[in-house]
Amino acid sequence: MATFTRIDEGESPSITIHPANKIAKIDDNIYGGFTEHMGRCIYGGIYDPGNPLSDENGFRKDVIGALKELNVPVVRYPGGNFVATYHWLDGVGPKENRPSRPELAWIGTETNEFGTDEFMKWCEAVGTEPYLCLNFGTGTLDEALGWLEYCNSDRNTYYVNLRRKNGREKPYNVKYWALGNECWGDWQVAQLTKEDYAKKAYQWAKALKLLDPSITLILCGATGHSSWDYYVLKECVRWDVHGLGGDSATKSLIDMHSIHVYTADKEHLANATAPRGAERAIQMTSALIDLARIENKVPVSVPKQKICFDEWNVWDPMRAPGEQGAEEKYTLSDALAVAVWLNAFIRQAKDVGMANIAQSVNVISPLMTTKDGLVKQTIWWPLLLFTKYMRGHTIALNVKSSEYTGRTNPAWIRAAIETPLLDCSATLADDGFVNLAVANLNEEKDFEVALDGLQADKVEVFIVSGDNVSVTNTAEEQKVGIRESSWDGKGAFTFARHSFTLLRWKGA
Ligand code: AHR
């Protein structure tokens, strides 16, 4: 957690770090990914048979290598909006028998060449855990139960035997299952009202947990600050349900609540501070979970449901339309916004159980494939530094900084949460290193900052920046990357204008 003290432009900023004050364990799953059958994410992204860069399964080896570098712990699949018309049975068994189908989310054709077994194999190659999203549009509960049985059971039953016939003896043991995707959205095939969704999600959850009580079920929320979120939490966060393991008061029907937010703005400071709205959404969702638990008298012995922020990123769908593959070109301003996003997850670690950048490759992604290689977009670099170092526990810190006071996007951010020009978070990693992440959002001003609580004579310094906030990375030219150096820890540290800096030192 970070507290923020607003100062005037002319005053000296400072950051006070309290490495001994651990606030909460950071769940590694905040560095999750997301692969949807959309644009070039699956086909031409992770799966590109015939390309010399692919392995014998058709998986792009360079993409696997990059996701290993990010140490991605969990990947959501197969959508997204795509899932609302997806029938998993179309995507298993011999490829020549798999049907092509019209795809209604992004108006394409789904060949089903890549399906469940390919995804599971790909996850094994990446060293990540699968997270499956169920079809709440045209799908049925029977189909969902069949998919769960296919993936997780080792009994002598129909779908288990089908899996065996398809070449996989052992169950995949998929832990994470989402009860639909954005079922509230009017772009959704078979959109639901909150009343209809809550009724359906509750009944599906019960059946799914009867089949496999070990799974983690994720409720479909909206933005985290809507009446949908309040209503579905109130109706579904229950513990007194038959089939959850008798009266042992430690289990609940719903384990996590999913929310989605994308941020973007044409102007740099409105763009880079927009993720503060998402951070406020986390705080509001946490309060709504508390409220549902209070109203439903959920005993304290049932662990509090965590937030699953399973789609987040910078995205302007007008600029990069989904139907055209949503290939956003990210600027340095976007990289700073992503640093603020990630700072938010670290600061709110107590409540965030998972977060999935949307998406892992080509579609609104840090990572782009070309026929003969990879482009690491600007937003890749802060993400890489966070995934490498910002783990362990989030620790207390106080930031004294001036604030951006202009227009925010959305406008309500201004009244709901501060927008400091120095956006910071800090961690104490399990290896004893203290890590301080600082985004200086000011385009014109370097800040000389006193770092109270830093006791070290060797500090590793990693800086992500570029000539101006509009620069991008292309296959031809990498204008944004990481600059590494070291510092003796003496005096104040200057955080350069429009930069993201990660400082790292061995704790006392
Ligand atoms: O990630 C792109 C799309 O954004 C997803 O399919 C959908 O869930 C969201 O609206």
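Where is the place of Glu182? Glu182 is in the loop between strand 8 (176–178) and helix 5 (194–211); helices (H or I, at least four residues) and strands (E, at least two) are DSSP runs, numbered from the N terminus. Glu182 is not a glycine, yet has a positive phi of about 40°.

Before I go on, the basis. This is a predicted model, in which local features need pLDDT of at least 70 and side-chain atom pairs count only at pLDDT 80 or more, while totals for chains, interfaces and linings use all residues. Residues are numbered from 1 along each chain as its sequence is written, and side-chain values use heavy atoms, with hydrogens and water left out.

Now the ligand. There are 13 residues around the ligand, and Glu182 is among those that come nearest, together with Glu36, Asn81, Tyr262 and Glu311; near here means a heavy atom within 4 Å. The shell splits into six nonpolar, four polar and three charged residues.

Next, polar contacts, meaning pairs of N or O atoms within 3.5 Å. The side chain of Tyr262 has an N or O atom 2.8 Å from an oxygen atom of the ligand. For Gln359, a polar side-chain atom is 3.0 Å from a ligand oxygen, and for Asn181 the distance from a side-chain N or O atom to a ligand oxygen is 3.1 Å. Of the 280 Å² of accessible area that the ligand has on its own, the protein covers 95%, by the Shrake-Rupley method with a 1.4 Å probe.

On to the peptide bonds. Tyr77 and Pro78 are joined by a cis peptide bond, omega about 0°. Pro78 sits in the loop between strand 4 (74–77) and strand 5 (101–103). Gly80 lies in the loop between strand 4 and strand 5 as well, and the bond joining Gly79 and Gly80 is also cis, with omega about 10°.

Last, salt bridges. The count is 33, taking a side-chain nitrogen of Lys or Arg within 4 Å of a carboxyl oxygen of Asp or Glu. One of them pairs Glu69 with Lys376, closest N and O atoms 3.2 Å apart. That pair links distant parts of the chain, helix 1 (residues 61–69) and strand 14 (residues 373–376), 307 residues apart.

Key. Polar contact = N/O pair within 3.5 Å; in protein donor to acceptor, adjacent residues only side chain to side chain. Nonpolar A, V, L, I, M, F, W, Y, C, P; charged D, E, K, R; others polar.
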